[in-house]
Amino acid sequence: MARTTGTRRGWGRAATLAVTVVCLAYAPIAMTELWPYASPGAPAVGEWLLGRSVSPEFVAEAVRDRMGPYERSLVPLIVHSVLGGLLMLLGPVQLLSAVRRRIRLHRITGTVFAVTVYVSMAGAALYLVRTPPAEAFSGAAFWIVLATILVGTVGSVTFGILAAVRGFPDLHQRWLLLCYGFLMTAPLLRLEWGILPSLYPGLDLRDINRLAIMHLGALVSFGALLASRALDRRATVPGLTGTWCPPAVRVAAHLAGAAGLVWITVAFLGEGTAGRRLLLAYLVPYVLTYAVIAVRAARAGARGARWAREEWSLHLAALCLAPAFSAVTVPVLERTLRLDRITALVAGVGVGCGMLAYAAVTVVSLRILYAREVLKRKREFADLPTAPADAPAVAVTTREGAQG
């Protein structure tokens, strides 16, 4: 057991170090990314790196594709980008101050972090509102995924603040980790800009972005879940009784997920080579994520960690339901936004895992609140004064005497 705990701590430190390095490296990239659009020739760290890791032609094409959509909202986008770089710096400070229990520092930087998220996301929202989906950078599917990430980021930081104000540190922790996970889609996307062109030569930035959004939502929400479980070492939660994920629910979620996966697979295979490429970018991370969560849930159950098993199981059910959610979303997007089939398919699949992970954190939060309410009512019941055994008889006699 001690060896296992030490191994987990080692992986935790390695993951924290990796995230910190990525954030510190991406901060200057984010802060300078849009300078050339406002002042041609201005230095941009990201463009310089991308030109050397891929090609100058790839960078020139990316700049050309973004110039039109960005022109009408350049100032809000610069605000969004510069503050996004600041968030990359504040994130590791928040995590390390929480782990090391630097309460005062954590509260001060947390306030700055929350305000920065709201202002940065306001800049992104102005861009999305002013730009029709079909005219957005990388097209309507990318616009839909960006809008979903924006809503998820704002929602998660808001719930995190409310949890902190109400005195629920465990819920605060989960929501803020999910918020930072959504923010991490930006640096991870830039990494894929540098890596995927070598795997798929000839693809332009629009196609690279389509491949990336197939799995970014799943990866960042999975990372937030791993961090939450690493920081929460409780075997059980006071007041926790039963489970909200009994065998019947698990079976139903798996059946729905299997049906959704079959539908998505058939739909992508019908789109030729591009569809098979997109399907691979979705299925491989999905299967790996499923395997890790399923194994963790089983191990938690085997060692009697009821709370860990409950949280892993709820997230596993949500992951299973994600393909079914995407399958239902695709025709809705086709009809409401009048999208072509492949665009609606990419958008529906791109938002599925992220939205269901958000739903899973919501259910986990309700599960914790319900357990606390059960415990509270038990304590209130235990504190009630015990009435004397002859009290009812006295009351009856008195009533009968009054009637006489």
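In this predicted model, Glu 47, Leu 50 and Gly 51 of helix α3 are in contact with Pro 56, Phe 58, Val 59 and Val 63 of helix α4. Sorted by class, the residues in this contact are five nonpolar, one polar and one charged. Helix α3 covers residues 45-53 and helix α4 covers residues 56-71. Their axes come within 7 Å and cross at roughly 135 degrees. An angle over 145 degrees would count as roughly antiparallel, and one from 65 to 115 as roughly perpendicular, so the crossing falls in the remaining class. That makes α3 oblique to α4.

Which residues does Ala 42 contact, leaving aside its neighbours within four places in sequence? They are Trp 35 and Pro 36. Thr 32 is ten residues from Ala 42 along the chain, and the C-alpha atoms of the two are 8.6 Å apart.

**Confidence**

The average pLDDT of the protein is 90, and 92% of the residues score at least 70. Which element has the highest mean pLDDT, and which the lowest? Helix α12 (residues 247-269) has the highest, at 98, while helix α16 (residues 391-403) has the lowest, at 40. Over residues 391-404 the pLDDT stays under 50. For this stretch the model has zero contacts beyond four places in sequence. Where pLDDT is low, the predicted coordinates should not be read in detail.

**Cavities and a pocket**

Rolling a probe the size of a water molecule over the atoms shows where empty space is left. The count comes to two cavities of 30 Å³ or more.

| Space | Volume |
|---|---|
| Second largest pocket | about 890 Å³ |
| Largest cavity | about 110 Å³ |
| Second largest cavity | about 80 Å³ |

The largest cavity is lined by Ala 218, Ser 221, Phe 222, Leu 225, Thr 289, Ile 293, His 315, Ala 318, Leu 319, Cys 353, Leu 356 and Ala 357. Four helices, α11 (216-231), α13 (272-302), α14 (306-337) and α15 (341-382), each supply at least two residues of this lining. The largest share, four residues, comes from α11. By class, the lining of the largest cavity has nine nonpolar, three polar and no charged residues.

Around the second largest cavity, the lining consists of Arg 174, Leu 178, Ser 221, Ala 224, Leu 225, Ser 228, Glu 311, His 315, Val 361 and Val 364. Two or more of these residues come from each of α8 (169-183), α11, α14 and α15. Which helix gives the most to the lining of the second largest cavity? It is α11, with four residues. The lining of the second largest cavity divides into five nonpolar, three polar and two charged residues.

Helix α7 (residues 139-165) provides the largest share of the pocket lining, with nine residues. In the pocket lining, 28 residues are nonpolar, eleven are polar and three are charged.

How values were computed:
Residues numbered from 1 in each chain as written. Predicted model: local features only at pLDDT ≥ 70, side-chain atom pairs only at ≥ 80, totals over all residues. Heavy atoms only, no water. Axes fitted to C-alpha atoms, helices over the stretch in contact; angles between N-to-C directions. Parallel < 35°, antiparallel > 145°, perpendicular 65-115°, else oblique. Contact = heavy atoms within 4.5 Å. Nonpolar A, V, L, I, M, F, W, Y, C, P; charged D, E, K, R; others polar. pLDDT = per-residue confidence, 0-100. 1 Å grid on protein atoms, 1.4 Å probe; cavity = no way out; pocket = protein on both sides within 12 Å on 5 of 7 lines; lining within 4 Å. Points joined across faces, edges and corners; volume = space filled by probe spheres on them.
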